[in-house]
Amino acid sequence: MARNFRTEGIVLKNNRFGEIHKGVILLSPEHGLLSAVAYGAYSAKGKLRSITNPLCAGTFFLYRDPVKDAIKITDMDCREFFEGIRASIGKFFTAAVCREMVLKTFGGDAEETFSLLRGSLRLLDGCTEETAARLLAQFIWRYLELAGASPDTDACSGCGRRRAEGEGLVYRRGAAGFFCPHCAGDSGGEDRTQGFGTVNLSAGALGYLRYSRGVSLEKAAEAAPDASSFAALKKALLFLAEDLAGGPLNSIRTGSEVL
Ligand SMILES: [Zn+2]
(Lines give C-alpha, C1' and ligand atoms only; values in the text may rest on other atoms or scores of the structure.)
Protein backbone atom coordinates (compact mmCIF):
# COMPACT_ATOMS: atom_id res chain seq x y z
CA MET A 1 0.00 0.00 0.00
CA ALA A 2 1.28 3.44 -0.89
CA ARG A 3 2.37 5.66 1.96
CA ASN A 4 -0.12 8.29 0.92
CA PHE A 5 -3.55 7.00 0.08
CA ARG A 6 -7.14 8.05 0.18
CA THR A 7 -10.37 6.29 0.87
CA GLU A 8 -14.04 6.93 1.41
CA GLY A 9 -15.02 6.37 5.01
CA ILE A 10 -17.49 6.82 7.84
CA VAL A 11 -16.20 7.59 11.34
CA LEU A 12 -17.44 5.02 13.85
CA LYS A 13 -15.60 5.96 17.00
CA ASN A 14 -13.15 8.39 18.61
CA ASN A 15 -10.81 8.16 21.53
CA ARG A 16 -8.55 10.79 23.00
CA PHE A 17 -4.89 10.25 23.62
CA GLY A 18 -2.37 12.72 24.83
CA GLU A 19 -3.84 16.15 25.40
CA ILE A 20 -5.06 16.97 21.94
CA HIS A 21 -4.79 13.94 19.67
CA LYS A 22 -7.76 11.98 18.45
CA GLY A 23 -7.87 8.30 17.60
CA VAL A 24 -10.37 7.64 14.83
CA ILE A 25 -11.82 4.31 13.78
CA LEU A 26 -13.48 4.47 10.41
CA LEU A 27 -15.13 2.03 8.05
CA SER A 28 -13.73 2.08 4.53
CA PRO A 29 -15.24 0.20 1.59
CA GLU A 30 -11.75 -0.82 0.49
CA HIS A 31 -9.92 -1.40 3.74
CA GLY A 32 -12.63 -2.38 6.24
CA LEU A 33 -12.01 -0.99 9.71
CA LEU A 34 -9.12 1.46 9.77
CA SER A 35 -7.59 2.88 12.89
CA ALA A 36 -6.03 6.27 12.29
CA VAL A 37 -4.82 9.31 14.20
CA ALA A 38 -5.94 12.90 13.74
CA TYR A 39 -3.08 14.79 15.35
CA GLY A 40 -4.13 17.94 17.14
CA ALA A 41 -7.82 17.30 16.44
CA TYR A 42 -8.79 18.11 20.03
CA SER A 43 -6.99 21.43 20.07
CA ALA A 44 -9.12 24.56 19.71
CA LYS A 45 -7.78 25.31 16.25
CA GLY A 46 -7.31 21.78 14.97
CA LYS A 47 -8.52 21.69 11.39
CA LEU A 48 -9.73 18.11 11.79
CA ARG A 49 -11.57 18.90 15.01
CA SER A 50 -15.21 18.75 13.92
CA ILE A 51 -14.91 16.59 10.82
CA THR A 52 -13.52 13.47 12.44
CA ASN A 53 -16.36 12.86 14.89
CA PRO A 54 -18.56 9.75 14.74
CA LEU A 55 -20.90 9.74 11.70
CA CYS A 56 -18.77 12.16 9.69
CA ALA A 57 -18.45 10.70 6.19
CA GLY A 58 -16.41 11.64 3.14
CA THR A 59 -12.96 11.18 1.69
CA PHE A 60 -10.04 10.62 4.03
CA PHE A 61 -6.50 11.50 3.00
CA LEU A 62 -4.17 9.22 4.89
CA TYR A 63 -0.48 8.63 5.41
CA ARG A 64 0.88 5.28 6.51
CA ASP A 65 4.03 5.56 8.56
CA PRO A 66 5.97 2.40 7.73
CA VAL A 67 8.22 2.72 10.77
CA LYS A 68 5.50 3.13 13.38
CA ASP A 69 3.04 1.08 11.32
CA ALA A 70 0.49 3.76 12.09
CA ILE A 71 -1.93 5.70 9.94
CA LYS A 72 -2.28 9.45 10.15
CA ILE A 73 -5.19 11.48 8.82
CA THR A 74 -3.65 14.33 6.83
CA ASP A 75 -6.94 15.75 5.58
CA MET A 76 -10.61 14.96 5.33
CA ASP A 77 -13.20 16.09 2.80
CA CYS A 78 -16.30 15.69 4.96
CA ARG A 79 -19.39 15.70 2.78
CA GLU A 80 -21.98 14.23 5.13
CA PHE A 81 -22.60 15.13 8.78
CA PHE A 82 -26.02 13.49 9.23
CA GLU A 83 -27.43 16.40 11.24
CA GLY A 84 -30.87 14.79 11.17
CA ILE A 85 -29.51 11.81 13.09
CA ARG A 86 -27.72 13.98 15.63
CA ALA A 87 -30.90 16.00 16.24
CA SER A 88 -33.04 13.02 17.28
CA ILE A 89 -32.27 10.87 20.30
CA GLY A 90 -34.05 7.89 18.76
CA LYS A 91 -32.12 8.19 15.51
CA PHE A 92 -28.90 8.85 17.37
CA PHE A 93 -29.19 5.57 19.27
CA THR A 94 -30.30 3.71 16.14
CA ALA A 95 -27.11 4.87 14.44
CA ALA A 96 -25.15 4.01 17.60
CA VAL A 97 -26.35 0.40 17.40
CA CYS A 98 -25.28 0.25 13.74
CA ARG A 99 -21.87 1.70 14.55
CA GLU A 100 -21.30 -0.60 17.50
CA MET A 101 -22.34 -3.71 15.57
CA VAL A 102 -19.81 -2.91 12.87
CA LEU A 103 -17.10 -2.04 15.38
CA LYS A 104 -17.54 -5.22 17.41
CA THR A 105 -18.37 -7.78 14.75
CA PHE A 106 -17.07 -6.63 11.39
CA GLY A 107 -15.40 -9.40 9.47
CA GLY A 108 -17.27 -9.66 6.23
CA ASP A 109 -17.22 -7.84 2.92
CA ALA A 110 -16.09 -4.26 3.52
CA GLU A 111 -17.76 -2.81 0.45
CA GLU A 112 -21.15 -4.37 1.20
CA THR A 113 -20.97 -3.43 4.85
CA PHE A 114 -20.01 0.15 3.98
CA SER A 115 -22.83 0.37 1.47
CA LEU A 116 -25.35 -0.95 4.01
CA LEU A 117 -24.17 1.45 6.71
CA ARG A 118 -24.06 4.50 4.49
CA GLY A 119 -27.40 3.67 2.91
CA SER A 120 -29.00 3.19 6.31
CA LEU A 121 -27.58 6.47 7.67
CA ARG A 122 -28.74 8.41 4.61
CA LEU A 123 -32.29 7.13 4.96
CA LEU A 124 -32.25 7.55 8.74
CA ASP A 125 -31.11 11.15 8.41
CA GLY A 126 -34.29 12.34 6.74
CA CYS A 127 -36.94 9.83 7.78
CA THR A 128 -39.78 9.84 10.34
CA GLU A 129 -39.31 8.30 13.79
CA GLU A 130 -41.56 5.43 12.72
CA THR A 131 -39.39 4.66 9.74
CA ALA A 132 -36.31 4.95 11.95
CA ALA A 133 -37.49 1.93 13.96
CA ARG A 134 -37.88 -0.07 10.76
CA LEU A 135 -34.44 1.00 9.57
CA LEU A 136 -32.99 -0.30 12.83
CA ALA A 137 -34.65 -3.67 12.21
CA GLN A 138 -33.58 -3.67 8.57
CA PHE A 139 -29.98 -2.76 9.33
CA ILE A 140 -29.65 -5.55 11.88
CA TRP A 141 -31.33 -8.10 9.63
CA ARG A 142 -29.26 -7.19 6.58
CA TYR A 143 -26.07 -7.08 8.63
CA LEU A 144 -26.84 -10.57 9.98
CA GLU A 145 -27.30 -11.75 6.40
CA LEU A 146 -23.92 -10.30 5.39
CA ALA A 147 -22.38 -12.05 8.38
CA GLY A 148 -24.03 -15.33 7.41
CA ALA A 149 -25.90 -15.29 10.72
CA SER A 150 -29.49 -14.67 9.72
CA PRO A 151 -31.89 -17.43 10.80
CA ASP A 152 -34.14 -19.28 8.36
CA THR A 153 -37.50 -17.49 8.39
CA ASP A 154 -39.50 -20.44 7.09
CA ALA A 155 -38.27 -23.55 8.85
CA CYS A 156 -37.52 -24.63 12.40
CA SER A 157 -33.78 -24.75 13.10
CA GLY A 158 -34.37 -27.63 15.53
CA CYS A 159 -36.36 -30.21 13.57
CA GLY A 160 -36.20 -28.64 10.10
CA ARG A 161 -39.98 -28.66 9.67
CA ARG A 162 -41.25 -25.88 7.43
CA ARG A 163 -43.81 -23.69 9.11
CA ALA A 164 -47.33 -23.75 7.80
CA GLU A 165 -48.88 -20.57 6.43
CA GLY A 166 -49.98 -18.36 9.28
CA GLU A 167 -47.70 -20.18 11.73
CA GLY A 168 -44.99 -18.32 13.64
CA LEU A 169 -41.64 -19.37 15.06
CA VAL A 170 -39.89 -18.71 18.36
CA TYR A 171 -36.61 -16.89 18.97
CA ARG A 172 -34.63 -18.13 21.96
CA ARG A 173 -31.87 -16.05 23.47
CA GLY A 174 -28.46 -17.26 22.40
CA ALA A 175 -29.76 -20.15 20.26
CA ALA A 176 -28.92 -20.16 16.56
CA GLY A 177 -32.05 -20.01 14.46
CA PHE A 178 -35.79 -19.75 14.99
CA PHE A 179 -37.75 -22.69 16.38
CA CYS A 180 -41.18 -24.25 16.10
CA PRO A 181 -43.19 -24.19 19.35
CA HIS A 182 -42.43 -27.87 19.91
CA CYS A 183 -38.64 -27.46 19.66
CA ALA A 184 -38.79 -24.24 21.66
CA GLY A 185 -40.20 -26.40 24.46
CA ASP A 186 -42.97 -25.07 26.61
CA SER A 187 -41.17 -21.75 26.90
CA GLY A 188 -43.48 -20.01 24.48
CA GLY A 189 -43.96 -16.98 26.73
CA GLU A 190 -41.49 -14.15 26.84
CA ASP A 191 -38.81 -14.00 29.49
CA ARG A 192 -40.15 -16.82 31.58
CA THR A 193 -37.03 -16.99 33.63
CA GLN A 194 -34.54 -14.28 34.21
CA GLY A 195 -31.79 -14.18 31.63
CA PHE A 196 -33.59 -16.54 29.29
CA GLY A 197 -35.39 -14.51 26.65
CA THR A 198 -37.78 -16.04 24.20
CA VAL A 199 -39.76 -14.02 21.70
CA ASN A 200 -42.70 -15.28 19.66
CA LEU A 201 -42.39 -14.19 16.06
CA SER A 202 -45.68 -14.06 14.19
CA ALA A 203 -46.18 -15.18 10.60
CA GLY A 204 -46.43 -11.47 9.77
CA ALA A 205 -43.04 -10.70 11.32
CA LEU A 206 -41.38 -13.63 9.54
CA GLY A 207 -43.08 -12.73 6.27
CA TYR A 208 -41.71 -9.21 6.61
CA LEU A 209 -38.15 -10.53 6.97
CA ARG A 210 -38.60 -12.78 3.96
CA TYR A 211 -40.09 -9.93 1.92
CA SER A 212 -37.23 -7.62 2.81
CA ARG A 213 -34.71 -10.04 1.31
CA GLY A 214 -35.99 -9.31 -2.16
CA VAL A 215 -36.35 -5.53 -2.07
CA SER A 216 -34.19 -2.47 -1.52
CA LEU A 217 -33.52 -1.12 1.96
CA GLU A 218 -35.65 1.92 1.19
CA LYS A 219 -38.62 -0.14 0.10
CA ALA A 220 -38.29 -2.56 3.01
CA ALA A 221 -38.28 0.35 5.46
CA GLU A 222 -41.58 1.60 4.08
CA ALA A 223 -43.41 -1.61 4.96
CA ALA A 224 -43.96 -3.28 8.32
CA PRO A 225 -46.13 -5.94 9.92
CA ASP A 226 -48.73 -4.99 12.54
CA ALA A 227 -47.45 -3.09 15.59
CA SER A 228 -47.25 -5.98 18.07
CA SER A 229 -45.58 -8.27 15.50
CA PHE A 230 -43.06 -5.53 14.75
CA ALA A 231 -42.36 -4.84 18.44
CA ALA A 232 -41.58 -8.53 18.99
CA LEU A 233 -39.47 -8.67 15.84
CA LYS A 234 -37.43 -5.65 16.88
CA LYS A 235 -36.84 -7.18 20.30
CA ALA A 236 -35.64 -10.44 18.75
CA LEU A 237 -33.37 -8.58 16.31
CA LEU A 238 -31.76 -6.57 19.12
CA PHE A 239 -31.11 -9.88 20.91
CA LEU A 240 -29.67 -11.33 17.69
CA ALA A 241 -27.35 -8.34 17.37
CA GLU A 242 -26.01 -9.08 20.85
CA ASP A 243 -25.81 -12.80 20.09
CA LEU A 244 -23.61 -11.96 17.10
CA ALA A 245 -21.43 -9.68 19.21
CA GLY A 246 -21.15 -12.39 21.85
CA GLY A 247 -22.21 -10.03 24.63
CA PRO A 248 -24.16 -6.90 25.49
CA LEU A 249 -23.95 -3.86 23.24
CA ASN A 250 -23.60 -0.59 25.15
CA SER A 251 -25.75 1.28 22.63
CA ILE A 252 -28.66 -1.10 23.19
CA ARG A 253 -28.37 -0.98 26.97
CA THR A 254 -27.99 2.80 27.08
CA GLY A 255 -30.63 3.44 24.44
CA SER A 256 -33.19 0.87 25.58
CA GLU A 257 -35.75 3.57 26.41
CA VAL A 258 -35.74 5.06 22.93
CA LEU A 259 -34.91 2.16 20.61
ZN1 LIG B 1 -38.93 -27.80 15.42
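Two strands count as a pair if DSSP finds at least two bridges between them. Helices (H or I, at least four residues) and strands (E, at least two) are DSSP runs, numbered from the N terminus. Keep in mind that this is a predicted model: local features need pLDDT of at least 70, side-chain atom pairs count only at pLDDT 80 or more, and totals for chains, interfaces and linings use all residues. Residues are numbered from 1 along each chain as its sequence is written, and side-chain values use heavy atoms, with hydrogens and water left out.

**View 1. Strand 6 meets strand 7 in a hairpin.** Strand 6 and strand 7 (residues 178-179) run antiparallel and are joined by 2 bridges. Look for tyrosine 171, which sits opposite phenylalanine 178 in strand 7. The hairpin has 5 residues between its strands, and glycine 174 takes a positive phi near 85 degrees there.

**View 2. Strand 8 joins the picture.** Over 4 bridges, strand 6 (residues 169-172) pairs with strand 8 (residues 198-201) in the antiparallel sense. Here leucine 169 faces leucine 201 in strand 8. Put together, 3 strands make an open sheet in the order 7-6-8, with antiparallel pairing. Strand 7 and strand 8 are the edge strands, as each pairs on one side only.

**View 3. Another hairpin: strand 4 and strand 5.** Strand 4 (residues 57-65) and strand 5 (residues 70-80) pair in the antiparallel sense over 9 bridges. The hairpin leaves 4 residues between the two strands, and aspartate 69 in the turn has a positive phi of about 50 degrees.

View 4. You'll find leucine 135 in helix 4 (residues 129-146). Is this leucine 135 buried or exposed? With 3% relative accessibility, leucine 135 counts as buried (buried means under 20% relative accessible area, exposed over 50%, partly exposed in between, with a 1.4 Å probe and protein chains only). Setting aside neighbours within four places in sequence, leucine 135 is in contact with Ser120, Leu123, Leu124, Cys127, Leu217 and Ala221 (contact means heavy atoms within 4.5 Å). Leucine 123 is 12 residues from leucine 135 in sequence, and their C-alpha atoms are 8.0 Å apart in space.

**View 5. Serine 212 in helix 5.** Serine 212 belongs to helix 5 (residues 203-213). Its relative accessible area is 2%, so serine 212 is buried. Which residues does serine 212 contact, leaving aside its neighbours within four places in sequence? They are Gln138, Trp141, Arg142 and Ala220.

**View 6. Stepping back to the chain.** Zoom out and the protein chain shows 8 helices and 8 strands. Its radius of gyration is 20 Å, close to the 18 Å that the globule rule gives for 259 residues, so the chain is as compact as a globular protein of that length (the radius is taken over C-alpha atoms, and the rule is 2.2 Å times the number of residues to the power 0.38). The C-alpha trace spans about 60 × 35 × 35 Å along its principal axes. Of the 259 residues, 48% count as buried. Take the contacts between residues at least 6 apart in sequence: 61% of these join residues at least 24 apart.
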